[in-house]
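Dear colleague,

Please find the structure below, together with its sequence. My notes on what was found in it follow directly after.

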Amino acid sequence: MKLLNQNQLQSIAFNKLILVLFFYCAINALYGQHDIEKYIPHEESPLVTHPQIEIRTIVHVIKRSHDVADNLTEDSLSYITQQYDWINSFYRDLRKPTLATSDGVEHHIPSARLEFKVVDILFHVDANDWDRMSTEEDTRHSMNFVSYNESTSELVVEGKWKSSLQRAEDSLKISFKDGSHEIVRFSSVKVDGQQTVFKLISNRSFEKEATIITAFKENNRNCATDLWDKYATDKNALHVFYTGSSKSGIAFGCGPQPYFLNVTNIIKGGDWAGAQLTAHELGHTVGLSHTDRPQFDDLPKADKFGFIDCNQSATSNNIMGYNICRNYLSPKQVGYVHSLYSKRKDRILLTTANEYIANDPIEIWDDAIWDKAMVVKRDIVIRRGQTLKIQEQLHMAAGATIYLEAKAQLIVDGAEVLNFFGTNWNGVKVCSSYERSNKLPCKEKNQGQIILRNNGNIKDILQL
Ligand SMILES: [Zn+2]
């Protein structure tokens with residue numbers, strides 16, 4: 001509302017419009033989707049105003065030892081390249097939705113305009129950092145099996161063990177007479193006479209005869225950020241770690257972190273499946289939630305999870321669902337990601353936003369209003385007599401310049417033009433030709449104008 005000026009407020013007609021707008025804004029704010037629409041890269045949206053987001057991605061492979069990697073190795077470069085080719089193709093070529101939304105509309109854009117650009121692949125050797133899921137067995141606890149009640153999930157052992165259990169111990173290793181064992185988790189433990197009773201989390205039957213039970217704690221470090229602290233020397237990137245585990249099974253950690261993703265035991269999954277799963281986890285890192293409950297109103301009301309075929313009735317093909325297609329994102333899912341990486345400094349710093357592209361300027365041939373946050377890596381040339389009005393934050397890459405030709409106008413209205421990387425951009429050149437940068441200043445009456453309104457500001461510049 002504060003962006004409306006006094007003249008507009010004086011108009012009765014405008015007042016009515018404001019009321020309508022206010023109501024519209026309030027409704028949209030309720031869903032947190034007020035300005036996502038502006039950021040959606042529709043098929044016809046120009047690349048100037050809806051550019052591709054490139055997230056600088058640094059891949060780390062942690063090997064168990066020099067000789068035994070138990071992981072990807074230096075010979076896996078083509079595997080890693082293939083993974084990111086697939087992942088980027090899922091985001092580049094969005095398919096149509098398989099599951100209908102409640103409004104019956106097929107919400108579809110052809111591309112997310114989002115790329116995970118692998119800029120470096122690094123290898124490290126560290127057995128401790130490699131092991132993201134270990135179990136620490138407490139061998140002092142060697143408990144004799146008494147009974148197991150399937151209906152109550154209660155496992156009874158001889159002796160009073162409750163007080164000697166370590167606080168973090170939450171699992172039991174059940175050894176069987178045939179030499180095999182099984183690991184189960186328990187939710188509570190109590191002493192009953194001369195015996196101890198463990199309540200197991202999942203109801204299960206033991207067909208084989210159990211003997212000795214030991215307690216241990218599961219040490220799951222898939223989400224711990226120690227790897228990022230230690231190995232992410234370049235903080236202006238998303239770091240994806242490939243680690244291992246002394247336990248079996250593929251595991252992913254910490255998608256919601258914008259800087260960090262860990263994938264454990266990628267070599268134990270399928271190649272294509274690994275790319276599908278990683279694309280989903282990367283979806284979390286860029287701000288997207290699961291689709292079992294819709295994050296945005298252009299998603300189906302419910303999406304059944306369970307790695308089942310995509311079909312019209314219950315399961316979507318959304319990258320953020322659990323399905324076996326994973327080739328769709330809704331326009332608002334994509335628009336939301338674009339809004340984050342256009343507005344927020346912490347997100348913009350992870351992208352190629354400061355990589356100046358020379359000799360291919362954005363040219364303003366007709367009056368234009370930029371009413372969404374923008375990340376610009378090129379020069380901007382406002383041609384003779386034209387006006388560019390900036391109404392939301394504009395990031396200019398280091399090395400970029402705004403050229404104002406004769407009688408051109410740059411209006412910065414309630415917004416800031418700035419650089420987030422602390423490297424400064426080249427500022428605005430008034431009455432200077434882009435094609436002939438040494439041209440003499442034109443007559444004052446013809447000079448281009450910079451107009452700052454409503455605390456509009458131009459900063460982080462080398463010269464003005
Ligand atoms: Zn997920």
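Strand S18 (residues 402-404) runs parallel to S21, and 3 bridges join the two. Strands here are DSSP runs of E of at least two residues, helices are runs of H or I of at least four residues, and both are numbered from the N terminus. Two strands count as paired if DSSP finds at least two bridges between them. Within this pair, Tyr403 stands opposite Lys429 in S21.

Before going further, please note that this is a predicted model, in which local features need pLDDT of at least 70 and side-chain atom pairs count only at pLDDT 80 or more, while totals for chains, interfaces and linings use all residues. Residues are numbered from 1 along each chain as its sequence is written.

S18 and S21 belong to an open sheet of 4 strands, ordered S12-S15-S18-S21 with parallel pairing. Strand S12 (362-364) and strand S21 (428-430) stand at the edges; each has a single partner strand, so one side of each is left without a neighbour in the sheet. On average, neighbouring strands of this sheet are turned by 15° against each other, direction ignored (the axes are lines fitted to C-alpha atoms, for helices over the stretch in contact, and angles run from 0 to 180 degrees between N-to-C directions).

Strand S11 (residues 260-264) is mostly covered, with 5 of its 5 residues buried. A residue is called buried if 20 or more other C-beta atoms lie within 10 Å of its own, exposed if 12 or fewer do, and partly exposed in between, with C-beta atoms placed from the backbone. In a regular strand the side chains alternate between the two faces of the sheet. In S11 both faces are covered: Phe260, Asn262 and Thr264 are buried on one side, and Leu261 and Val263 on the other. S11 pairs with strand S9 (residues 238-243) in the parallel sense over 5 bridges, and Thr243 has Thr264 as its bridge partner. Strand S10 (residues 251-253) runs antiparallel to S11 and is joined to it by 3 bridges; here Gly253 stands opposite Asn262.

Two helices may also be of interest. Gln83, Tyr84, Ile87, Asn88, Phe90 and Tyr91 of H4 are buried. They cover an arc of only 150° around the axis, which puts them on the same side of H4; the arc is that of the directions from the helix axis to the C-beta atoms. On the other side of H4, Ser78, Asp85 and Ser89 are exposed. The cover over the buried residues of H4 includes S2 and helix H7 (271-285).

Helix H8 (residues 331-343) is mostly covered, as 11 of its 13 residues are buried. These buried residues pack against helix H3 (36-39), S1, strand S2 (114-125), helix H9 (345-348) and strand S14 (374-376).

Finally, His60 lies in strand S1 (residues 53-63) and is buried, with 21 other C-beta atoms within 10 Å. Leaving aside neighbours within four places in sequence, His60 is in contact (C-beta atoms, placed from the backbone, within 7 Å) with Leu122, His124, Tyr231, His239, Phe241 and Tyr242. The C-alpha atoms of His60 and Ala232 are separated by 9.1 Å, although these residues are 172 residues apart along the chain.

With kind regards

Conventions. Two residues are in contact if their C-beta atoms, placed from the backbone, lie within 7 Å.
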